[in-house]
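Subject: Structure for you to look at

Hello,

I am passing on a structure that you have not worked with before. Please open it first, then read the notes below it.

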Amino acid sequence: LMMVTDAEMPEMDGYRLTAECRSSSPLKSIYIAMHTSLSGDFNKYMVEKVGCDAFISKFEADALAKMVLQRLNDFRAAQTSEVSSQSVNSTS
């Protein structure tokens, strides 16, 4: 699972959303990327503090696309590995 959020949103900012996900059992391990126009040391600190997995500037569309593709590839590899493992265990 993966979520891409912005730091600035109308009802809840991305930092709080991330912190809430990290404290929720079903969403604790979701991959969270902060995709925002905000930059600077404070925002990088906040991304780390709340537990985001990635920080990508909105002006780096290629970096966002690369991160999403990598996460999809990782997910597919994990699914393939899990199916292979189950197949080996069922034939043993």
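Start with two helices. Helix H1 covers residues 14-22 and helix H2 covers residues 41-50; their axes come within 9 Å and cross at roughly 15°. Because angles under 35 degrees count as roughly parallel, H1 is roughly parallel to H2. The crossing of H1 past H2 is right-handed. Please keep in mind throughout that this is a predicted model.

Which residues make the contact between them? From H1 they are Tyr-15, Thr-18, Ala-19 and Arg-22, and from H2 they are Asn-43, Met-46, Val-47 and Val-50. Sorted by class, the contact of H1 with H2 has 5 nonpolar residues, 2 polar ones and 1 charged one.

Next, each helix by itself.

In H1, the buried residues are Gly-14, Tyr-15, Thr-18, Cys-21 and Arg-22. Viewed down the axis of H1, these buried residues fall within an arc of 125°, so they line one face of the helix. The buried residues of H1 pack against strand E1 (2-5), strand E2 (31-36) and H2.

In H2, the buried residues are Asn-43, Met-46, Val-47 and Val-50. Seen down the axis of H2, they fall within an arc of 100°, so they too line one face of their helix. Asp-41, Glu-48 and Lys-49 are exposed on the other side of H2. The cover over the buried residues of H2 includes H1, E2 and strand E3 (54-57). After H2 comes Gly-51, which has a positive phi, near 100°.

Is Asn-43 buried or exposed? Its relative accessibility is 9%, and since buried means under 20%, Asn-43 counts as buried. Apart from neighbours within four places in sequence, Asn-43 is in contact with Tyr-15, Leu-38 and Phe-55. Tyr-15 is also one of the H1 residues in the contact with H2.

Ala-7 sits in the loop between E1 and H1. With a relative accessibility of 2%, Ala-7 counts as buried. What does Ala-7 touch, not counting residues up to four places away in sequence? The list is Asp-13, Gly-14, Tyr-15, Met-34, Thr-36 and Leu-38. Of these, Gly-14 and Tyr-15 are among the buried residues of H1. Ala-7 and Val-47 are 40 residues apart along the chain, and their C-alpha atoms are separated by 9.0 Å. Val-47 is one of the H2 residues in the contact with H1.

Met-67 is part of helix H3, residues 61-91. At 10% relative accessibility, Met-67 counts as buried. Leaving out neighbours within four places in sequence, Met-67 is in contact with Met-2, Val-4, Tyr-31, Ala-33 and Ile-56. Thr-36 is 31 residues from Met-67 along the chain, and the C-alpha atoms of the two are separated by 14 Å.

In brief, H1 and H2 are roughly parallel, and the buried residues line one face in H1 and one face in H2.

Regards

Notes: Residues numbered from 1 in each chain as written. Predicted model: local features only at pLDDT ≥ 70, side-chain atom pairs only at ≥ 80, totals over all residues. Heavy atoms only, no water. Axes fitted to C-alpha atoms, helices over the stretch in contact; angles between N-to-C directions. Helix = DSSP H or I, 4+ residues; strand = E, 2+ residues; numbered from the N terminus. Parallel < 35°, antiparallel > 145°, perpendicular 65-115°, else oblique. Left-handed = near helix turned anticlockwise from the far one by under 90°. Contact = heavy atoms within 4.5 Å. Nonpolar A, V, L, I, M, F, W, Y, C, P; charged D, E, K, R; others polar. Buried < 20%, exposed > 50% of the residue type's maximum accessible area, 1.4 Å probe, protein only. Arc of directions from axis to C-beta.
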